Amino acid sequence: MTSFDTTPQLNVWRALLALAVVFVMLATTGWTALRNQRGDTPLQASLSAWEDGGIGGYRLPDPQSQPAKLARFFSSLTERDRASLVRKYPLAVGNMNGAPVELRYRANRIALGQAREVERERIHDNRLTPSGKHEASRRMHRFEDLMEKDRRILAFDPEGSGRVAEVFGDLREADRVSVVVPGVDTDLLTFQRTRRKYSAPVGMAESLYAAERAARPSTRTAVIAWADYTAPSGLGIDSATAMRAEEGAVRLNSLVRALPGGSPVSLFCHSYGSVVCGVAAHSLPGRVSDIAVAGSPGMRVEKAAQLQTTARVWAMRDADDWIQDVPYLEVGGLGHGADPVSSGFGARVLSAQGAKGHAGYFEPGTASLMNFAEIGVGAYRSVHCAHEDGVCRTGLSGTAAA
């Protein structure tokens, strides 16, 4: 259960807003930079090894190259050469935008196996406290879960609280692609849950994938559970600012630009994930057809038009969602701007009937999930608006406009 799944102490947010000047002073004195310093990580080490490596007598391309360039590089290799790179640099290949998705799945399976063995050794490390050993055990089991047959892990980084992305469906053959962007307290250990399944990224994506197939069986869909950014932890400064969102927006933009094919992409952004989507909106490629937010604390703008995107912008909020009591404003970098479901914001406001609280938007049987699914398959004329006048469907033509 995360901080944003339960009713928070809203006066904490108000106090944070009042401390805007203090935060700015701390940031300018280097506090923000110092707290994020860390040494060489496993992913960085794998990327460094890649940069020093070669194949067939030639140097390997810059791993930060444009996805199209990296895609051409991998397509020029033999299957034997690709397999060799996966074995030598699993974390690098597994997180490389431009590498074929099937190759990334293979690479991340190897990387997960290596990370599992690290945690297995830590469990028996007498220098660790009982709490540390318990954490190592949880991480080891999570890595084992992610290694299960048929799971498609598109990105994986074991460093710190960890990052991960998983695909449901066939990305290469999909007519439509959906990306679930979760919020606060999302990491490797909260990526999936047994209790309250649909409040975690895996449950959200699985539920959306099933609902999309039910809504239009003839449309080939793929859904990505995208927890490949460092989300804020708890209700504090990070969740009240755009710092994590700005980092996440860069990663989200890179993901979308590296997706195979040219099929339309819809973003489904929950809670702080809507801040990420708001910050990313202006830089996203034109194939992003829809940005839908649920339980949003704001998108860092006052009006949808300021997002500078050609994508349709949708918003919903359940009547029981505590997020409505968060101050919708931005002061000195704290807070996230206007309420996306307000009439003046300009989003297409959808029904969330049946959703309960802040974490219930992806529950099967809810209007919120049904609306997400209709957007995901392009059936815009079928969505249910929050208001009976049907204004959220204004100007929409056809049932599968791209």
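Hi everyone, let me start with helix 8: its buried residues pack against helix 5 (67–75), helix 6 (79–88), helix 7 (90–94), helix 9 (130–146), strand 3 (152–157) and strand 4 (163–169). Please keep in mind that this is a predicted model.

Which residues of helix 8 are the buried ones? They are Val101, Leu103, Arg104, Tyr105, Ala107, Asn108, Ala111, Leu112, Gly113, Ala115 and Glu119. For anyone reading the spacing in that list, an α-helix has 3.6 residues a turn, so residues three or four places apart point the same way.

Helix 8 runs over residues 101–123, and at 1.5 Å a residue its 23 residues should span 33 Å. The C-alpha atoms at its ends are 33 Å apart, which agrees.

Let's take helix 9 as the partner. The axes of helix 8 and helix 9 cross at roughly 155° and come within 8 Å. Because an angle over 145 degrees counts as roughly antiparallel, helix 8 is roughly antiparallel to helix 9. Their crossing is left-handed. On the helix 8 side, the residues that meet helix 9 are Leu112, Ala115, Arg116, Glu119, Arg120, Arg122 and Ile123. Helix 9 answers with Lys133, Ala136, Ser137, Arg139, Met140, Phe143, Glu144 and Leu146. Sorted by class, this contact of helix 8 with helix 9 has 7 nonpolar, 1 polar and 7 charged residues. Leu112, Ala115 and Glu119 are also on the buried list for helix 8.

Now helix 6. Helix 6 and helix 8 pack with their axes 9 Å apart, at an angle of about 35°. Helix 6 passes helix 8 in a right-handed crossing. Here Glu79, Arg82, Ala83, Val86 and Arg87 of helix 6 meet Leu103, Arg106, Ala107 and Ile110 of helix 8. The class count for this contact is 5 nonpolar, no polar and 4 charged residues.

Further along the chain there is another pair to look at. Helix 12 (residues 243–258) and helix 13 (residues 272–280) have axes 8 Å apart and pack at an angle of about 60°. That makes helix 12 oblique to helix 13. The crossing of helix 12 and helix 13 is right-handed. From helix 12, the contact uses Met243, Arg244, Ala245, Glu246, Gly248, Ala249 and Leu252. From helix 13 come Tyr272, Val275, Val276, Cys277, Val279 and Ala280. By class, helix 12 and helix 13 bring together 10 nonpolar, 1 polar and 2 charged residues.

Let me zoom in on one residue, Ala315, which sits in strand 9 (residues 312–316). Is Ala315 buried or exposed? Its relative accessibility is 0%, so Ala315 counts as buried. What does Ala315 touch, leaving aside its neighbours within four places in sequence? Its contacts are Val293, Pro340, Val341, Ala347, Arg348, Val349 and Leu350. There is also Ser296, 19 residues away from Ala315 along the chain, with 8.1 Å between the two C-alpha atoms.

To finish, the whole chain. It contains 14 helices and 10 strands. Of its 402 residues, 56% count as buried. Among contacts between residues at least 6 apart in sequence, 69% join residues at least 24 apart.

Definitions and conventions. Residues numbered from 1 in each chain as written. Predicted model: local features only at pLDDT ≥ 70, side-chain atom pairs only at ≥ 80, totals over all residues. Heavy atoms only, no water. Axes fitted to C-alpha atoms, helices over the stretch in contact; angles between N-to-C directions. Helix = DSSP H or I, 4+ residues; strand = E, 2+ residues; numbered from the N terminus. Parallel < 35°, antiparallel > 145°, perpendicular 65-115°, else oblique. Left-handed = near helix turned anticlockwise from the far one by under 90°. Contact = heavy atoms within 4.5 Å. Nonpolar A, V, L, I, M, F, W, Y, C, P; charged D, E, K, R; others polar. Expected span 1.5 Å × (residues − 1). Buried < 20%, exposed > 50% of the residue type's maximum accessible area, 1.4 Å probe, protein only.
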